[in-house]
Structures are given as structure tokens and as C-alpha cells.
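Please open the model in a viewer and keep the sequence panel at hand.

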Amino acid sequence: MKQIAFYGKGGIGKSTTVCNIAAALADEGKKVIVVGCDPKYDCTSNLRGGEEIPTILDTLREKGMEKLSLEDAIDGKKIEMEEIIHKGYNGIYCIEAGGPKPGYGCAGRGVIVAIDLLKKMDIYEELGVDIVLYDVLGDVVCGGFAMPLRMGLAKQIYVVTSSDYMAMYAANNICRGMKEFAKKGGSRLGGLIYNVRGSLDAYDLVEEMANKIGTEITGKIPNSMLIAEGEIEGKTVIEYAPDSEISSIYRELARKIYENDMGAIPNPLENEEIMQIGQAVKERIKKMKN
């Protein structure tokens, strides 16, 4: 069983990427689990026709189990697998960690509780899954969101970025955290996923950053209106337009990720280096305006 986590700046397209990769792998006959690690609990919606599912934290709250230990909850049969796992497209298992009530508690607590619960219930082994995909909010400062990375639960981390400066800045910061945790047995960097956003397509600048970090661009996802059209229907593009070129791109990316057993400890850029790339992005934007 492989466990892979996806990080990146908020709004960069992680959930879109993860859901399409999951759908592509399911179409290949793989047993897939997607664990949504965002308190907004919308990571898996495109695998279920836009339908929200109960989160792990919400389920615990509704059962009055917040003050119970996970061992007591499991031993007392107070929580069942079917209450926290819901099937989506082509049999994909969907889980949402959830978060605290708005204004209360740590947003990363849902990730900590969810992963502990899944491990203690032996969910992955019982379901016999081939691959687990974690869709993680990009803030590795928080211990909860860093958990798949810090504890080495995920064999590899893929960082989703565009050629937007702030997206690359966030990707570099994620690599900083990864380098620190790697010293203590944390996850390795599998590669960058370049998701083209807006009108700026600067593959060479993202490639330059990848080379300096010591990794590669695993795949490039171009702009496609089919992605947006599918999401309005609550579907991945794999389901919405299975024979399209963009679906083929996601399928190839999924195969590369599934077959990749390598990983690197990243060498994040210094502030001066990432600012130089930012200036290059600025110059590209200025040229586009003229």
C-alpha cells in the first residue's frame, strides 16, 4: 500500500488534482482512499457529485465522543467504519477529517484525530486498499497539517504549484518543512505538479525552481474549461469528459505517481533566490500587458 500526500498554497488546485488522480487510478482497477485534510471538508466533493459527507470530527461530536479516548470509542463500538467512510466515483473511499466549530480550537486537530482513528481502526488494511491520497491544507506551520509529512505516514509528498510567485513561495516553504522533518524520518519529495492558473504559463521558471530544490516537475496540467465544467456538475474531468486530452494528462500523471518509488530531501531556495524568481515572474507579466 502506498500513502501519498499533496500540499500546496490554498486555492492552487490540490483537491482538483487529487480527485482526478484518484479517479484515474480507480479506472485502472486500483482500490483508492482519499483523505481530505481541510477543515472546509470539501476535498472529496468532486468524487461524489458535489455531495458533502459527514466528517470524522462531526461524527464524534454528534455521538458525544469528543471527551472519550479513541481507544474507548473503538473498543465500545461507538463508531463504525461506515459512519466515516463513504464511497464515491468508481468505488473510491472518501473520508473528510473536518475541523472544530468555527471560532473554537485548532484547525489542524481534525487531521490528528482522523489519522489516529484510521490507524487504530486498521481501516486501510481492512479495506485492502492499494493507495491512500491525503489532500492537505498547505500550512505546514500547524502540527496537524504537517502530520502526514512529519511522521512519514506518506511515503512521498507532491507539491502543487502554479507559476504565480506566491504559489512558488508557498511551495518553497513546504519544502523547508519537509527538509526539517526528513532528518527525523519524515516523508520525501516526490516532485512538483505544475498546475497552470490564469494566463501566465511560465514552465521554465517553475522548472528552474524544481532543479534548484533538487526535484523535477512530475506533470503539467494545462488550463482547461472542461475541468471547470465538470466541477459545476460535482465531477472530475475523468468522469465528465473521459476521452478528452486533459483526462489523458491526468491519467498519465496518475500512472507516474503510482509507479514512482523515489523521493528526495529537498534543498529549499534561500529568500534571495525565490525573490529573483519573483522578479522574473513580474517581468513576464509586464511583457504580457504590453
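Begin by selecting Lys-2, which is buried, with a relative accessible area of 11%. The model is a predicted one. Because Lys-2 belongs to strand E1 (residues 2-8) and Asp-261 to the loop between helix H12 (245-259) and helix H13 (271-289), the pair ties together parts that are 259 residues apart in sequence. Asp-261 counts as partly exposed, at 48% relative accessibility.

How many salt bridges does a search of the whole structure find? The search finds 12, and two further examples follow.

Select Lys-220 and Asp-201. Their side chains meet in a salt bridge of 2.8 Å, N to O. Lys-220 is in strand E8 (residues 217-221), whereas Asp-201 is in the loop between strand E7 (188-195) and helix H9 (203-213), so this pair ties together parts that are 19 residues apart in sequence. Lys-220 is partly exposed at 33% relative accessibility, and Asp-201 is partly exposed with a relative accessible area of 40%.

The closest N and O atoms of the Lys-286 and Glu-283 salt bridge are 3.9 Å apart. Lys-286 is partly exposed, with a relative accessible area of 42%; Glu-283 is partly exposed as well, at 38%.

The next stop is Arg-61, in helix H2 (residues 56-62). Is Arg-61 buried or exposed? Arg-61 has a relative accessible area of 19% and is buried. Show the side chain of Asp-58 too, as a polar contact of 2.5 Å joins it to the side chain of Arg-61.

Proceed to helix H1 (residues 14-27). H1 has 14 residues and reaches 20 Å from its first C-alpha to its last, close to the 20 Å expected at 1.5 Å a residue. Of the 14 residues of H1, 12 are buried, so the helix is largely enclosed by the rest of the structure. The buried residues include Lys-14, Val-18, Cys-19 and Ala-26. After H1 comes Gly-29, whose phi is positive, near 90 degrees.

To see where they meet, select Thr-16, Thr-17, Asn-20, Ile-21, Ala-24, Leu-25 and Asp-27 in H1, together with Tyr-250, Arg-251, Leu-253, Ala-254, Ile-257 and Tyr-258 in H12.

The last stop is helix H8 (residues 165-182), with 18 residues and a reach of 25 Å from its first C-alpha to its last, close to the 26 Å expected at 1.5 Å a residue. Which residue caps the N-terminal end of H8? Asp-164 does, with a side-chain oxygen 3.1 Å from the backbone nitrogen of Met-166. Finally, colour the buried residues of H8, among them Met-168, Asn-172, Ile-174, Cys-175, Met-178 and Phe-181.

Terms used: Residues numbered from 1 in each chain as written. Predicted model: local features only at pLDDT ≥ 70, side-chain atom pairs only at ≥ 80, totals over all residues. Heavy atoms only, no water. Salt bridge = Lys/Arg side-chain N within 4 Å of Asp/Glu carboxyl O. Helix = DSSP H or I, 4+ residues; strand = E, 2+ residues; numbered from the N terminus. Buried < 20%, exposed > 50% of the residue type's maximum accessible area, 1.4 Å probe, protein only. Polar contact = N/O pair within 3.5 Å; in protein donor to acceptor, adjacent residues only side chain to side chain. Expected span 1.5 Å × (residues − 1). Axes fitted to C-alpha atoms, helices over the stretch in contact; angles between N-to-C directions. Contact = heavy atoms within 4.5 Å.
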